[in-house]
Amino acid sequence: MRKVRRSMGLVAIAASATMILAACGGNESSSEETAAEAATEEAVVAEETVEEAPAEGGGEALRVTYIPKNLGNPYFDAIVKGFNEAAPGLNMTVEVVAPAQAGATDQIPFIDAAIQQQVDAIAISPNDLDALCPSLKRAMEAGITVLTVNGDTAPDCREASITPVDFSQLGRYLVDLTAEVTGGEGEWAFLSATSTAPDQNSWLEAAAEYISSGESPAGLTLVDTVYGDDQPDKSATEAQALLTKYPDLAAINAPTTVGIAAAAQVLSQSPRKGQVQVTGLGTPNQMREFIKDGTVQKFALWDPALQGTIAANLIVGLQNGSIVAGEDVAFEVPGVGERIMAGADRLIIAGPPQEFDASNIDDFDF
Amino acid sequence: MSRMVMQDVSDSVVSRPAPWFSRAVPYLPSIVILIAAMIYGTVSSPYFLNFTALLVNTGRYVEIGLLALALTVVIVNGDIDLSVASNLAVSAATMGLMVEGGVAVEIAALAALAVGVGLGAINAIFIVGLGLPSLVVTLATLALYRGLAQIMLGDNAVTAYPDEFVGADQVSVLGEAVRVPMPLVMFLGFAVLFSFLLTRTNFGLSCYLTGSNQKAALFSGIKTDRTRATAFLLAGLMAGAAAVMLTSRLGSTLSNVGLGLELLAITVVVLGGTDIFGGRGTILGTVIALFAVMAVRESLVISNVNGQVQDAVVGVILIVAIVVPIAVTRWKSRAATRRLR
């Protein structure tokens, strides 16, 4: 008797499960209705977009999903801003979704969902070089345009990749930036991230080559390279040590956002503020106060928004067939200029480094 | 085994004569959540109710499911294994290094299973052999195994897998017409095995007894040590199996593979009505809970809800799912007390 009851319970559960499944599979008419309703809603939204946008009437709006590494990061918000500013003029809607963590596989559900939503294009700032490939390839097989933005996957998993700046030229640029803020004279030092950071090391190496080639400004002498390990405390200690060790120091160049902020903090409270220049790579929001109080003349990074602008325009071109992704294909981005999908890897450099000083720092928010 | 014990078991475990709806209570939260999520998904996105896509997407949850099956047994025993996802990483790293070294992928996959069982055995030695608490031991091996995976692979990714191995999650068992993905079938197969193990074997009976009252079980002649050790070996085996599945799905291996998966698996087990203190729990509950969590995640992601909000929703659901059954039990026992008066 007990057994019978128990199996009846199981049957009941199985039956309800079947009903749920049946509800998924069978009720296609109702799902179509829902789809139709949603389509109407979308049409209303699209009309509004068209009203706002003077250009490119007619035709359904392109649906684009942008997946940043994670959310709540002002840097990626700036890329989103680039997308959003370009979208209305391009008859495009941009949906921004991202995982809570920046783990290697955390973006996969969002890619799969975009495929299921039959979007026209996916732009992604990938968290991993390889793990996203199967999903991105499936997206491309489904006819979706796939671009990587500010980070890359293996080249066969996307049509093109947009990189913020030409990193191969950054070492040389950092030396020239130091020359600019010091007037081309004096001793200077690098305050880098960790001694094993691959990005920073490649720039430092390129800078050293530039200096030894004899083409660099002759009045500058690189006296030291120290590592703040991308920790504010350690970076500040190292910056302080540089000031003590080199009484004639003209500049500290920190090609890391943590390092430059820490060095600027040290200098802003030092009697040698104004004598020693701080420059390098930093974000406007972190450096604003030091530009305002005169500690820092000029520093650089790149404008993340530009990548969003280029991606939005490229997606339109790839979708309407006016641009075909390929080696060294050039295309025009309205208001930005010509860009090239360089090499077999189709790598697009968004632009030159963006310099920030008192005249323009308030135009940026990231 | 004495008749007394059998009597006890039948009282405490499953067979108390009770109306079917009261026995369905442990499954109720997941069933309600499953239905609610399906409704929410259907209403909020026209793209949600796509049977093929929903089926194919189960592939992403199978690794969690495999871990959850074994964890159900571990937790029924009154233990916990926090190291399963780190074990998965070491198993995957072993497989990756072997494939990179030119070993056939089938052999490497078997090696991954063996490593999984081996790491499970290390847990068992510390917990059962030395009598240390499983929470502490597996908290330590959670870090230890993950560190081991990092030492093995460094920052390198293994991508040398042959094409025919990559993408098993996209393989359909019934052909293209009805896309029933291979991982789902595999998971359901394992679920049946585990269910059989827990409900139809002496081992299963020992698990419930050990988890209900370890000392009493021991004094009643149950080999509690062997029961608990076996569960950790099973957890290791499933970690190895999940490693193979995940590697095939991603086509690459990194040392941080499966980071945090143990918490998702435990979430599923608890949501499925398994008592976190042991003694009670079913595989059916775990399976339903996996589909419930999947429905929740899939309906949220297709509605463009961001990761943080998804995590928060799952957190709220878990709290409610735990609170409701406890409240029902309390209410019922109070009602019973009132009747006695």
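**Close-ups of salt bridges and a domain boundary**

Asp112(A) is buried, and Arg60(B) is buried too (buried is under 20% relative accessible area, exposed over 50%, and partly exposed in between, with a 1.4 Å probe and protein chains only). A quick note before the views: this is a predicted model, where local features need pLDDT of at least 70 and side-chain atom pairs count only at pLDDT 80 or more, while totals for chains, interfaces and linings use all residues. Residues are numbered from 1 along each chain as its sequence is written, chains are lettered from A and ligands numbered from 1 in the order in which they are written, and side-chain values use heavy atoms, with hydrogens and water left out.

**View 1. Asp112(A) pairs up with Arg60(B).** The two form a salt bridge, with their closest N and O atoms 2.8 Å apart (a salt bridge is a side-chain nitrogen of Lys or Arg within 4 Å of a carboxyl oxygen of Asp or Glu). Asp112(A) sits in helix H4 (residues 108-116) of chain A and Arg60(B) in the loop between helix H4 (51-57) and helix H5 (62-76) of chain B, so this pair joins two chains. Helices (H or I, at least four residues) and strands (E, at least two) are DSSP runs, numbered from the N terminus.

**View 2. Lys298(A) meets Glu180(A).** Here the closest N and O atoms of the salt bridge are 2.4 Å apart. Lys298(A) belongs to strand E10 (residues 298-301) of chain A and Glu180(A) to helix H6 (residues 170-182) of chain A, so the pair ties together parts 118 residues apart in sequence. Lys298(A) is buried, at 15% relative accessible area, whereas Glu180(A) is partly exposed at 43%.

**View 3. Here is where domain 1 of chain A touches domain 2 of chain A.** The domain assignment, automatic or from a database, gives domain 1 (54-165 + 305-356) and domain 2 (167-300). Seven residues of domain 1 are in contact with twelve of domain 2 (contact means heavy atoms within 4.5 Å). Look for Lys298(A) again: it forms a salt bridge with Glu355(A), the closest N and O atoms being 3.2 Å apart.

**View 4. Asp362(A) forms a salt bridge with Lys292(A).** Their closest N and O atoms are 2.6 Å apart. Asp362(A) is in the segment after E14 of chain A and Lys292(A) in helix H10 (residues 284-292) of chain A, 70 residues apart. Asp362(A) is partly exposed at 49% relative accessibility, while Lys292(A) is exposed, with a relative accessible area of 53%.
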